[in-house]
Amino acid sequence: MKNFLDLAELKYFTSDNAKMYKTKNGFAAMKAFMPPIKKDDLAEGQDNTPDWQDLGRVYFHRMFPFDAPDEFISVLDKDGNEYGIIRNITDFSGEDADIINEFLARKYLCPEITKVISLKEKLGYSYWEVETDKGKMSFSMHDTYRNIARVSDTRLVLTDVDGNRFGIKDVLALDSKSYRKIELYL
Amino acid sequence: MINLEKFPAAISEYFTAKGIDMLGALMTMKSDIGADSVYKDVYIVVDTEYVTVAEGTVVFKHERIRSDGNPVRAEGFVEARYERFMLSELEEIKVEQLISTGRVTALRDNEPVLIFNFSSTYKHDAGLFCRAAESLKKDGKIDEEKLKDSDYEKNSCPKCGRRYPDPDRKICPKCMDKVRLIKKLSKLFLHYKRYILLILLSLSLISMLGAITPYVSNQIFYADVLKEGGRYYGKILNIILVMIAVRVASLLISLLNGAISAKVSAEVTYDLRKNIFETLSRLSLSFFTNRQTGGLMTQINNDSTMIYWFFCDGFPYFVLNIVQLIVFMIIMFIINPILTVYAFVTVPIFFISFKFIFLIFDKMYAKSWSRRRSFNSLIADVLNGMRVVKSFSREDDEMKRFDKRSKLSADADADIGIKSAKIFPMLFFLLKIGSYIVWGIGGWQVMKGTGGMDYAKLATFIAYFGLIYGPLEFLADVSNWWSECLNSLQRLFEITDANVEVKECENPVTLDKVKGDVEFRNVSFSYIENRKVIDNISFEVPSGSTLGIVGHTGAGKSTLANLLTRLYNTEDGEILIDGVNIKDLSFETLRRSVAIVSQETYLFRGSILENIKYACPEATEDQVIAASVIASAHSFIVKYPDGYHTQIGFGNKELSGGERQRISIARAILKNPQILILDEATAAMDTQTERQIQEALNRLTKGKTTIIIAHRLSTLRDADNLIVIENGKMPESGTAKELLKKKGVYYNLYKLQADALKTIGIED
């Protein structure tokens, strides 16, 4: 079997062929050594020799946000078309890695719950008061069955009525009082 | 002025100090995430020229306790970022939706610039900000009416001003009140008052007879019949006959009551289900796309049973039990007040421990329920996907998965079983302790002859005390079913109160004869907030012409069809039929004149004939056959043994994708509308059949407006005009020739498909 990995021609960015920078107003941008971006699928006779080019503002997107937040980062343009993949952030160092990490952290901003202060369920809505790494917060949730995603055996992602997300990295790491409050949903 | 957030005094002062005229502000709003992605207080003021953003923290500068004991707080604002944007410099102001937050950005000197960040709580406000800023840039003013029209006021809670999380359900989770629920409940209650009264009456008759029995069989029997000198001394046979008579009467009324309940139960559940179903079918499509239909169905069934139970079992028994309890207690009190007090000593302990135990069980039941739900969903999942499971031979893994969840669910159930086997007998023993006290003290009183006690009185007292357990146990449990009923009712009202998004306007325009001019004017639409699927699209289809809509999958073509049939309302812009906004058209006119054959063909269970006649039940057989012939369906239908009466659907004849499409086309043809939309209606057919149908359709649709949506360009051969949809925008429109000359998107698509033909050796 011809390896389908080769067939897919995945394009990986590393510090050898990509360089991060910030735009004038502080957005993540990238220069890369790659063939020219084809604007037109059918145009023929285009020069395909790779060269350094300025891609301008780019968007990072985690492909496996729960399992491997630092691996397999998709680099996208503003319409969501992929330029290529960062296999692991450790393929970059120094300022480059900082920019990637900063923008991923901004995009995936999600308070991690460290303590459940109170949890009440009333008429199909549950009301949460929690302590998170971003401070004390309270939110309400509808239909706990659908809005608490069990990402793994110990990890939960909660979505409130507005669509805000809250994470619990490891339910077993919670103090026993908090654990007993959420035990029901595990 | 649009006041999305009323600023605290300190903030207004802060802005005024910065030289901003707060009275001249056109829009004020708040957000909660700073430019550095940290939670902050963000205040935004929009006036005619500038957007001003201030970020920081509202702090209490100092606090002074007034003489009356109330604190006076002076608020201050600690600034972290202050930025002004000149509106005229900003281009492409838009929302970038991130994972659970978002940002509003714009282009300034062709460089992207951040205006502010927000969490999902403010996503609606952010969208509103963009629209307001755009209209301000374009027209120099904010059209408040238009923004209001896009539901910012009517979709917020009148009490706290927050928007409802789900616009379909006007329920504010923050200030949902039980009073309203109970008010509505009483309305429903009045609806069923006849039944409830009937049941109450028969129940009270039964309990009255029940209350007499102990008196007759104890007091009268021992004191008047067996005792020497008693009123009925020695008349044992008579008293037994009386006892039998009372028993028989009570039995008869019980039988009657059973029959009444059975009838009422059937009637009320039927009524409730009908009501819920009726409301459901009136709801807009978006209600259903947001929910799982399977879950909805079980919910309707469970809830209507639950509510029936509330009205016909729960409530009457509740009243009855309370009355019984009071009556028995009074009787007992009359017989012997001191003994009564002793008898009830353990009751409060019983109630308290019952409440406590219930809390434990409530949690266990919820756990078992959620485990069973996950286990059931696995079964449904695997059974539906059996084909995939088998083709990748994953049976063993599925077995393991099933086993794991099944075990978890069984564990939870076993836990409940064991705990309840341990706890409840002990609990009821606690209650019974009272009776031992009664035996002891009562017996002692009889022996001593104090308190006016004799054997007959004690026996009567004990008999009544025995009757009291039933009501007590019921009342201990009452709060549990009460909360469960409230839940069911809440869900019921969620459905009945759901806001029908697509509503007929108050004075709808009815057109007798629709010509078929269709016009889209600056239409925008999004299914999910801030994610535009259709972005400012305008086109016209003159009556009688054919419009082709081309574009990649997911470009938004089908959404256009959904908007024209008004399954959804447009977010911005308007759609006109014969110059009338479809929002003003009566549903009758709209549905009569527009028919759609969509890519998801749905056929109901039943015969092919019924399915074709679905939109037009009064059609004759000739018409049905003619429509089928045009749709190229006739030829395969007649091959079936049962012809047009062939049953389709679950467990019956399974039709192929192409056959289903042809039947849905026949359905639309039979309706013979002035405007026909074919949304990939022939995609599952071979090109030859498609050709046949098209030629037949061409003859039929002469003089009618046809909109054909397709990605296969050959489908659009006969279109007078084409529009190209890409990422919700319309980059091109014109005749096929004009578009080819433009060498744009259409040209590319055309070339791609022509190339495909070339590779297999067919040149044009």
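## Strand β11 of chain B

Gly551(B) lies opposite Ile725(B) of strand β19(B). Strands here are DSSP runs of E with at least two residues, helices are DSSP runs of H or I with at least four residues, and both are numbered from the N terminus. Five bridges connect β11(B) with β19(B), residues 721–726, and the two strands run parallel; two strands count as paired if DSSP finds at least two bridges between them. β11(B) is also joined by four bridges to β18(B), residues 705–709, again in parallel, and Thr546(B) stands opposite Thr706(B) in that strand.

Strand β11(B), residues 546–551, is mostly covered, six of its six residues being buried. Buried denotes under 20% relative accessible area, exposed over 50%, and partly exposed the range in between, with a 1.4 Å probe and protein chains only. In a regular strand, side chains alternate between the two faces of the sheet. Both faces of β11(B) are covered: Thr546(B), Gly548(B) and Val550(B) are buried on one side, and Leu547(B), Ile549(B) and Gly551(B) on the other.

## Basis of the model

The model is predicted, so local features require pLDDT of at least 70 and side-chain atom pairs count only at pLDDT 80 or more, while totals for chains, interfaces and linings use all residues. Residues are numbered from 1 along each chain as its sequence is written, chains are lettered from A and ligands numbered from 1 in the order in which they are written, and side-chain values use heavy atoms, with hydrogens and water left out.

## Helix α19 of chain B

Helix α19(B), residues 657–671, comprises 15 residues and spans 22 Å from its first C-alpha to its last, close to the expected 21 Å; the expected span is 1.5 Å times one less than the number of residues. Just after this helix, Asn672(B) adopts a positive phi of about 55°.

## Nonpolar cores

The largest nonpolar core contains 57 residues, and those with the most contacts inside it are Tyr192(B), Val268(B), Met332(B), Val438(B), Phe465(B) and Ile468(B). Such a core is a set of buried Ala, Val, Leu, Ile, Met, Phe, Trp, Tyr and Cys residues joined through side-chain atoms within 4.5 Å. At least two residues each come from α5 (193–226), α6 (236–282), α8 (293–335), α9 (337–343), α10, α12 (395–448) and α13 (455–496) of chain B. The greatest contribution is that of α13(B), with 18 residues.

Apart from neighbours within four places in sequence, Val438(B) contacts Leu339(B), Ala343(B), Gly443(B), Leu458(B), Phe461(B), Ile462(B) and Phe465(B). A second, separate core of 44 residues includes Ile665(B), Met685(B), Ile708(B) and Val745(B).

## Position of Asp362 in chain B

Asp362(B) belongs to helix α10(B), residues 347–384. Its relative accessible area is 38%, so Asp362(B) is partly exposed. Asp362(B) and Ile416(B) are separated by 54 residues in sequence and by 10.0 Å in space, C-alpha to C-alpha.

## The antiparallel sheet of chain B

Four strands form an open sheet in the order β10-β9-β12-β13 (chain B), with antiparallel pairing. Strands β10(B), residues 534–541, and β13(B), residues 580–581, stand at the edges with a single partner strand each, so one side of each lacks a neighbour in the sheet. Two bridges join β12(B), residues 572–577, to β13(B) in antiparallel fashion; Leu576(B) has Asn581(B) as its bridge partner there.

Helix α14(B), residues 557–564, packs on this sheet, touching β9 (518–525), β10 and β12 of chain B, and its direction makes about 115° with that of β9(B). Axes are lines fitted to C-alpha atoms, for helices over the stretch in contact, and angles run from 0 to 180 degrees between N-to-C directions.

## Chain A

The secondary structure of chain A amounts to four helices and 13 strands, and buried residues make up 41% of its 186 residues. An open sheet of four strands has the order β1-β7-β6-β5 (chain A) and mixed pairing, with β1 (12–13) and β5 (59–62) as the edge strands. Four bridges join β5(A) to β6(A), residues 71–76, and these strands run antiparallel. Helix α2(A), residues 94–107, packs on the sheet and touches β5, β6 and β7 (82–88) of chain A, at about 65° to the direction of β5(A).

Definitions and conventions
Contact means heavy atoms within 4.5 Å.
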